[in-house]
Amino acid sequence: VTVGIARRVVSVRLHHKWWGLIFVLPVVTFFAAFNLFPTLFGLWLSFTDYDLLSPPVWVGLDNFANLLADRLFVQAFTNTLVFVLGATVPVWVLSLLAALVFDQTFRGRDILKAAFFLPVLPPVVVVAVVWRLLLHPNGVLTSLTGGWWGITEIRWLADATLAPLSMIAVQNWAIIPFFMMIWLAGLAAIPPEFREAAAIDGAGPVRTFWHIDLPQLRSTGVLVAALSSINAFQTFALQYVLPTDPGGPANSTLVLGLLVLKYGFQYFRMGDAAAISVVMFALIMAVTLVQLWFNRRA
Amino acid sequence: MRPTSTIMALGYKTTKREQTTMRILIRLATLIGLFTWTGIAAAEQVTVRMWMHEHPPRIPIDKAIIADFEQANPDIKVRYDVISAQEYSTKLLTAFAAGSGPDLFNNTSTLVTQYFAARILAAIDYDALGYANEAALLAKFQGGFDGIRFQGKLYGVPTEVSNWTCFANNSIWREAGLDPKTDWPKTWEDLPAGAEKLTTRDQNGVPIRRGFDFAWTIPGTFWFTPNTMIHQLGARMIDEDNYKAALDAAPSRRAFQYLQDWAVKYRLGGPQYTASRTDFLAGKLAAECSFGIWGIPQMQAAGIDWSVMPAPRWADAVSDNGLDIYAYYMMVNARSAPAVQKAAWKLVRFYTDHAAELFGSAGLFVPRTEVTESAAYKENSAAPFFLAELKKAKFSPRVVGYTRVLDTILRGKDKLVQGEKIDDVLPVMNEEVNAVMNRERARAATLVK
C-alpha cells in the first residue's frame, strides 16, 4: 500500500510538473524568441562585420577596438554621460523636494499634484514635438527669457552648447513628476510613529527629514537612482525628435542610443551597432550593480 | 459520340455495370488530365515581386500598368508592394539581408552604389528589355543614365530624372518693388544682396521674413548644393572613381565658405528657422531652390503665384550647370532566378514605356520623346525650362557609404554654422570623409565574394 501511495504521489508530482511546464511554455517560447534570441544574436553580431547585403564576417574584437578610436562613438559616449548626469542628480533632488511638498496637507493639493503629474502622461515624442515649438528661436521661451535683455532670438536647439542643456531640461520636466510619485510612496511607507516620536523629542522638520525620513527612504532612493540612470542611459526619442537634425547640431546631442540607430540603419554597419549596444548594456549593468552594492553596504 | 459507345462499336459485349464503371474511369482520367495541364501551366507562370517607394499619385498608375502587363503576359504574375518612402531603404536592405529581396525594385541614384558593390544589381538584359543594344535604349531617352552606369555597364532604367531649381513667390517680390523676371540674381555673388532686399528684420537684425534661404533641414541640400557649386568651378567634391575627397581644396572651400557666410556673416537664414520649403509653401519666403518640377502642384495647391528661375552660377563659372540631378531607377535583383530576371526586365520595358502617363498623372519626369511631345508637357510652362537645366546638370558623386559621407559633411556644416573657422573644419571633414570612403570601399571589396 505504501509503495502504491508513493507511486501515486510521484505520478501526481510528475503530472503537476508537466502541466506546469505546459503552462509556462508559451511565455518561455515567447521570451526565448523575442528576448533571448535577439540578445544573443546581437552579441554574436558585435563580433562580426555585417552590412545587411552580404553574410556576416567574423572579426573578433575588432568592432570594440575600433570604437575606441571612433570620434563619433567618443562624442556620443561623452554626450550620454553628460545627459545621464543632468537627467539623474537634479531629478533625484527635485523629485524628492516635490514629494516632500506634496506630502504635506494643504488646500488644493490633489488637484495640484494631478496637474504636476501631467507631463508624465504623453509619450516622449509628443513631449518633444511640443517643446520643439516652445523652443523655437523666436518662440515663447525666447520671449520669456530673452525679453528682459531685449534678445529676440535664442537658438535653443541650433546652438551646440544650448541644445544638450535644452534636452536635459525637457527630460527633467517630463520625468520629475514620475519619480516624485515613487518618493511619495516611500514617504507614505514610513510608520507615522517614527515622526511622532521625533516630534515628542523636539526635532524640527529638517532634523526629522534628515534623521528619520532620509534613512527610511534609502531603498526608495536606490530605486529612483537605478531607474533614472537606466532611463537616462537609454535616452533616444528626445534626441531624435527634438533637434532639427537627430543628434544635432554638430553631434552635440548625439547619444549612444541614437548612434546605434545611425550605425545600424543609416550606415548599415550592424556589427558596430551591435558592439555599441553591448557597451551600453555593460554600462547600464555596471551602474545598476554599483547602486545595488551601495544600497546593501549602507 | 460517347466514349463507351466506341468500345461497344468495336464489338465488345459489356454489362451495364461495366459500362458505368468505364464511364466513371474515363471522366476521372479527363479530369486528372485537365488538372495536370493547368498545374503545368501554373508552374510555368513566373512571379515577379516588385517593390516601389510610396509616391501616392503614382500608385494607381502602377496598378493599372501592372494589370495591363499581366493581361498581355499571362505567364507573368506581378506581386506589387508599396513601401513608405521613409522606411524604403531600410526595408529593402533588411529584405535582401533575409534573402527575400524583391526581384524588381526602384531606388535613387545616390543610394544605388551599395547595391552595385554588393552585386545585387543585374546588368541590363537588352534581349529581355526589348532593345537591340545599349545604343537603342539610349536613343529612346535624352539622358538620365549616368547615375546607373558602373564600370561601363547599365544596371537600371530611369523612371524619374529630377533636378531642383529655384522658385520665386511673385507676390512677395512685387511687395518689395521687385520683379523676379528682371531682378533675379544670376550669380551666387549677387544672391545675398538680392535676398537682403526681400528680407525683413526686427530691431536686433533677426530675420522675421527671409528673402531666400537654403533647405538646411534637408540633408540632400548639402550634397547637391556644394557639389553643384564645385561642378560650376570645373572641379569635383569627391572623385568617385578613385574615392578621394577634395573637401579642403579651393573650390570646396569657396562653396562651404559661401554657405557659412549665408548663415553667420549675412544672417540671411540658417538651420534654426522653419524649413524653407514649408515657409515657401506658406507664402513666407520670397525664393527657394529645393523644388523639382514635382513641386509645382504643391505650389498651386498652396495658392502661390510662382515663377521658375535658374539656380545661380558663379560669376567666374567654367560650367553652366544648374543644381545637380538625381534619378530613380528600376533595377533587377541579380540573385533572382534567370527566368524571373527576364520577366522583370520585360516588365521594366512595359512600365517605362508609360513615361508620358507617369509624367501627366504623377509628375514624374523622364526625358523621353513621348514625354516631351505629350500634352501634359506642353501645358506645363516650367517643363521646357527643367529639361534645358537637366541637360546641363551633372549627377553628384556616387560612393559606397554615401549616408555616412553625407553625415560627416552635415556635421562639418553644423560646425561652420556654429561659427567655427573653415580652416579648422574642412581639413578634418576631408580627412574623415576619406577615412569613411576608404573603409567602406575596402569593406565592400572584402564582403563581396
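Predicted model: local features only at pLDDT ≥ 70, side-chain atom pairs only at ≥ 80, totals over all residues.
At what angle do the axes of helix H9 and helix H10 of chain A cross? Residues are numbered from 1 along each chain as its sequence is written, chains are lettered from A and ligands numbered from 1 in the order in which they are written, and side-chain values use heavy atoms, leaving out hydrogens and water.

Okay, the helices. H9 (residues 192-200) and H10 (residues 205-216) of chain A have axes that come within 10 Å and cross at roughly 165 degrees. Helices here are DSSP runs of H or I with at least four residues, and strands are runs of E with at least two, numbered from the N terminus. Axes are lines fitted to C-alpha atoms, for helices over the stretch in contact, with angles from 0 to 180 degrees between N-to-C directions. So H9(A) and H10(A) are roughly antiparallel, a label for angles over 145 degrees.

Who touches whom? From H9(A) we get A:Phe194, A:Arg195 and A:Ala198, and from H10(A) A:Thr208, A:Ile212, A:Asp213 and A:Gln216. Contact means heavy atoms within 4.5 Å.

Now over to chain B, where 5 strands make an open, mixed sheet in the order E2-E1-E3-E15-E6. Strands pair if DSSP finds at least two bridges between them. The edges are E2 (76-83) and E6 (156-163) of chain B, each pairing on one side only. Strand E1 (residues 46-53) of chain B runs parallel to E2(B), joined by 8 bridges. For instance, B:His53 has B:Ile83 as its bridge partner in E2(B).

Conventions:
Parallel < 35°, antiparallel > 145°, perpendicular 65-115°, else oblique.
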